[in-house]
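Hi,

Here is the structure I promised to pass on.

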Amino acid sequence: MAVVGILVICLSSSLCLYFLLALIRVLHTLWWTPIRIQYQMGSQGIKGPSYRLFNGSTKEILNLKKEAMSRPLGLSHDILSKAQPHIHSWINKYGKNYLQWYGPQPQIVITEPELIKEILNNRDSTYPKEEVKRYVKKLLGDGLVTSEGEKWAKMRKLANYAFHGESLKAIDIRSDFQDSFWEQLLGREEHFSDDDEIGFDNIEKFLYTQVSWHQDANASQKISVQDMVDECKTFYFAGQETTNSLLAWTVFLLAIHTDWQEEARKEVLNLFGHQNPNPDGITKLKTMSMIINESLRLYPPVLAIIRKAEREVRLGKLTLPAEVLLFIPNIALHHDPQIWGEDVHLFKPERFSEGVAKATKNNMPAFLPFGMGPRNCVGFNFATTEAKITLSMILQRYAFTLSPAYVHSPFQLLTLRPQHGVQVLLHSL
Ligand code: HEM
């Protein structure tokens, strides 16, 4: 009996000890570490909304977003307070750099150009990308957007070559290939199950069969079929939604600024007449480049660029704790009157008449639709060329105005989207 008693006491004490240790661990993660980081950053002048147990700032962010979505916006381009109301409100309250919380995960929101340059131009892996969730990896593949280190360097070199200006001159051939590629993929849709997991696996199998022929004989250039599959997914998902967003907002802007629509059409007809756009003409579309840049400034498809401080690190005069996320809301810089002037919220493509460097007065982080530094958008040329071709072909055929049915409500769902679509009235020319 005595032995059983001792065993019971030992077991219950071990259980108690286990629960105590687990509790200490939970408290350490959910309470002690956030409070310590809040204090550490506060003492360096980086303030922010108080950390709340479990939620961090997420509840406040959701409430602010809900409230913003219920407010009508008219046709104003002053969209920061609508699309990212927490950032708008907290930059005003706490300053250019502040601390917010995604649950217990600290995020330092950074809008000071010098710090942004230091983070995004870094080449020694001090500020890697944040680790992506499993489902995001499944969607994007372990391709350029998410990979790091040697794998990233090798794939980036190949991608730089593929997206180089000269390579893009074959864009018509490529788009034909893409159409048939995705048509085939969609044509097989009936074989996919409704279950996402199985659907993705099927897409992956399909990509395997399609790309296995594309193996380079030169061993140093060789990439695995898995790499090819991952890059196909990456380019599709990184390129599709973003370019859609750019086109939607540009059509919206031209539909309400018909003087610029007319200017753009004149340029297109001068260069191409009623023929399909050609590579040489595309490089000469100056007015259209200005319009696209102004559209990307007011309505950037990607609203923020995120990095992580891998270890404790010095950034400018700040000491950042390890594992803190660095959140760069490019949309806030694009809408900053201190950078762009009092007319910051007006659509004025003429800002870009002498190029991006002049428009930003060589302050590169002022305009970051495609990021900057070694991990900037590899598809930048492809995306702008695609947009120029599409807009040229629309302008050659139609004049368009905004439909009275349109409701202006830019909101974020991965990219910056028009919540209810962009309805326009097309007038055949
Ligand atoms: C208007 C259209 C687009 C916008 C606004 C855009 C924006 C961006 C931004 C801001 C980044 C940097 C992300 C970061 O630093 O964390 C990025 C990276 C990337 N983009 Fe785009 N993108 C566009 C179109 C495309 C297209 C068409 C492709 C491919 C066909 C593409 C492929 C990529 C890839 C692979 C990366 C990761 C590059 C790396 O980490 O080395 N993007 N994009």
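The face of helix 12 turned away from its buried side carries three exposed residues, Asp259, Lys266 and Asn270. Before you go further, please keep in mind that this is a predicted model.

Now for the other face of that helix. The buried residues in helix 12 are Trp260, Gln261, Ala264, Arg265, Glu267 and Val268. They sit on the same side of helix 12 because they cover an arc of only 160 degrees around its axis. As for what they pack against, the buried residues of helix 12 meet helix 11 (225-256), helix 14 (286-298) and helix 18 (380-397).

On its dimensions: helix 12 runs over residues 258-272, which makes 15 residues. From first C-alpha to last it reaches 20 Å, close to the 21 Å expected at 1.5 Å a residue.

Which residues come nearest to it? Of the 24 residues around the ligand, those are Gly239, Thr242, Gly371, Cys377 and Gly379. Helix 11 and helix 18 are the elements that give two or more residues to this shell. Helix 11 gives the most, with seven residues. Both helices turned up above too, as packing partners for the buried residues of helix 12.

Cheers

Methods:
Residues numbered from 1 in each chain as written. Predicted model: local features only at pLDDT ≥ 70, side-chain atom pairs only at ≥ 80, totals over all residues. Helix = DSSP H or I, 4+ residues; strand = E, 2+ residues; numbered from the N terminus. Expected span 1.5 Å × (residues − 1). Buried ≥ 20, exposed ≤ 12 C-beta atoms within 10 Å, placed from the backbone. Arc of directions from axis to C-beta. Contact = placed C-beta atoms within 7 Å. Near = placed C-beta within 6 Å.
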